[in-house]
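The following exercises are meant to be worked through with the sequence and the model side by side. Each task is followed by a solution that goes step by step.

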Amino acid sequence: MPSVPAPAFIGDAITASAWRLIGVHTTAVEAGKAAEAFDSAIGYDGLLLITAACAAELDSDRLDAALRQARPLILIVPDAANRLAPPDLDSEVDRVLGIEQ
């Protein structure tokens, strides 16, 4: 059975420490540094978790293109303080698929 890579996480240090406790590879970034970490992680073959705050720092076209790719599977999650909510998944899927209403 092939091994599945551990998920990877990009976000603030506090939230990263929580994800690290369950075996996720984490990259803690300061405000304004998310794009560099995202560009480094985009070649990852597993699940890539990124906080909504970090995703908001990224160029929207770049993020949309990455979300449409099969690898890595990207999931936008809230941070530990829930400062910025991730997008509504149902609406986001509709938007990415081009079937917004």
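Predicted model: local features only at pLDDT ≥ 70, side-chain atom pairs only at ≥ 80, totals over all residues.

**Exercise 1: the packing of α4 and α5**

Task: describe how the axes of α4 and α5 cross, and identify which residues of the two helices meet.

Solution. Two packed helices are described by the angle between their axes and the distance between the axes. Here the axes of α4 and α5 come within 11 Å and cross at roughly 90 degrees, the axes being lines fitted to C-alpha atoms, for helices over the stretch in contact, with angles running from 0 to 180 degrees between N-to-C directions. Therefore α4 is roughly perpendicular to α5, since angles of 65 to 115 degrees count as roughly perpendicular, those under 35 as roughly parallel, those over 145 as roughly antiparallel and the rest as oblique. On the α4 side D64, L67 and R68 take part, and they meet E92, R95 and V96 of α5. By class, this contact of α4 with α5 has two nonpolar, no polar and four charged residues, where Ala, Val, Leu, Ile, Met, Phe, Trp, Tyr, Cys and Pro count as nonpolar, Asp, Glu, Lys and Arg as charged, and the others, Gly among them, as polar.

**Exercise 2: the largest pocket**

Task: give the volume of the largest pocket, and say which element gives the most to its lining.

Solution. The largest pocket holds about 300 Å³ of space. A pocket is an open set of points on a 1 Å grid over the protein atoms alone, where a 1.4 Å probe fits, with protein on both sides within 12 Å along at least five of seven lines, and lining residues have an atom within 4 Å of a point. Among the 15 residues that line the largest pocket, L67, I74, L89, E92 and V93 are the closest to its centre. At least two lining residues come from each of α4 (60-68), β4 (73-77) and α5 (89-97), and α5 gives the most, with five residues. The lining of this pocket comprises 13 nonpolar, one polar and one charged residues.

**Exercise 3: L63 and L75**

Task: determine which residues L63 touches and which residues L75 touches, beyond those up to four places away in sequence.

Solution. L63 belongs to helix α4 and counts as buried because its relative accessibility is 9%; its contacts, with that exclusion, are F38, A55, L58 and I76. L75 has its place in strand β4 and is partly exposed, with a relative accessible area of 35%; under that exclusion, L75 touches L47, L48, L49 and I50.

**Exercise 4: G46 and V4**

Task: find how many Å separate the C-alpha atoms of G46 and V4.

Solution. G46 is found in the loop between α2 (34-41) and β3 (47-51), whereas V4 is in the segment before β1 (8-11). Although they are 42 residues apart along the chain, their C-alpha atoms are separated by 7.2 Å. G46 is buried, with a relative accessible area of 9%, while V4 counts as exposed at 72% relative accessibility.

Technical notes:
Residues numbered from 1 in each chain as written. Heavy atoms only, no water. Points joined across faces, edges and corners; volume = space filled by probe spheres on them. Helix = DSSP H or I, 4+ residues; strand = E, 2+ residues; numbered from the N terminus. Contact = heavy atoms within 4.5 Å. Buried < 20%, exposed > 50% of the residue type's maximum accessible area, 1.4 Å probe, protein only.
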